[in-house]
Amino acid sequence: MKSLLERPDDQAGHEGHSHEHGGIFGMNTELIFALICGALLGAGALAGKLGLIDRLPLILYVSAYVFGGWFTTKEAVTNIRQKRFEIDSLMLLAAVGAASIGAWAEGALLLFLFSLGHSLESYAMGRAKKAIEALSKLAPAPRSYAEQMARWRCPWSCWFPVTLSSCAPMTACRPMVL
């Protein structure tokens, strides 16, 4: 029987999703992609404000879409294949909708915030998993009920003989005279 720690893909709401994305930058790839998306979004906004090149903001926003939507698209495709509709699919649809009405900056901002939140969630899940694993190593080995009973002493045992049925751990001790 596997524990929850050995099966991070079966957590509530995340069946089939382990929150661990490797890639070109290792385990931080999702965070780095989110930060690149944010940088491209900022550069696109700055280029639009300064009016440098006519199509430069659009190119930067589309690039932000690629980096911000990379992992979201992968998860949305996986969800659709499994006949599920989750938040990844919804965010991707919202970003495509923003692009379709010409609001490229808003769609890039949506993907930046979502990918940043998702990457930070993955980071926090990884840290929590490591902390729980460390705590589980400190826990004593489980004992059988007989071993627990042998180590436990009834507070009245010096006055009354007791049986297992009359006195059990974590309950009120009711001494029974034999």
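1. The buried residues of helix H1 (residues 29–50) are covered by elements that include H2 and H4. Helices here are DSSP runs of H or I with at least four residues, and strands are runs of E with at least two, numbered from the N terminus. In H1, the buried positions are Thr29, Glu30, Phe33, Ala34, Cys37, Gly38, Leu40, Leu41, Gly44 and Ala47. Buried denotes under 20% relative accessible area, exposed over 50%, and partly exposed in between, with a 1.4 Å probe and protein chains only.

2. This is a predicted model, in which local features need pLDDT of at least 70 and side-chain atom pairs count only at pLDDT 80 or more, while totals for chains, interfaces and linings use all residues. Residues are numbered from 1 along each chain as its sequence is written, and side-chain values use heavy atoms, with hydrogens and water left out.

3. The pLDDT, the predictor's confidence in each residue from 0 to 100, averages 77 for the protein, and 67% of the residues score at least 70. Confidence is highest in H1, at a mean of 93, and lowest in helix H5 (residues 145–151), at 62. Residues 1–16 stay under 50, with 21 contacts beyond four places in sequence in the model; a contact means heavy atoms within 4.5 Å. The stretch 158–165 is also below 50 and has twelve contacts beyond near neighbours in sequence.

4. The end C-alpha atoms of H1 are 31 Å apart, in agreement with the 32 Å that its 22 residues should span at 1.5 Å a residue. The expected span is 1.5 Å times one less than the number of residues. Gly51, which follows H1, has a positive phi near 65 degrees.

5. Helix H2 (residues 56–81) has a kink of about 55 degrees centred on Gly69. The bend at a residue is the angle between axes fitted to the seven residues ending there and the seven starting there. The buried residues of H2, among them Tyr61, Gly69 and Phe71, pack against H1, helix H3 (87–100) and helix H4 (104–138).

6. The structure holds three aromatic pairs. Rings of Phe, Tyr and Trp (its six-membered ring) pair if their centres lie within 6.5 Å; planes under 30 degrees apart count as stacked, over 60 as edge-to-face and the rest as tilted. Phe33 and Phe67 are edge-to-face because their ring centres are 5.2 Å apart and their planes stand at 75 degrees. This pair links H1 to H2 across 34 residues. Phe33 is buried at 12% relative accessible area, whereas Phe67 is partly exposed at 27%. Phe33, Phe67 and Phe71 form one aromatic cluster.
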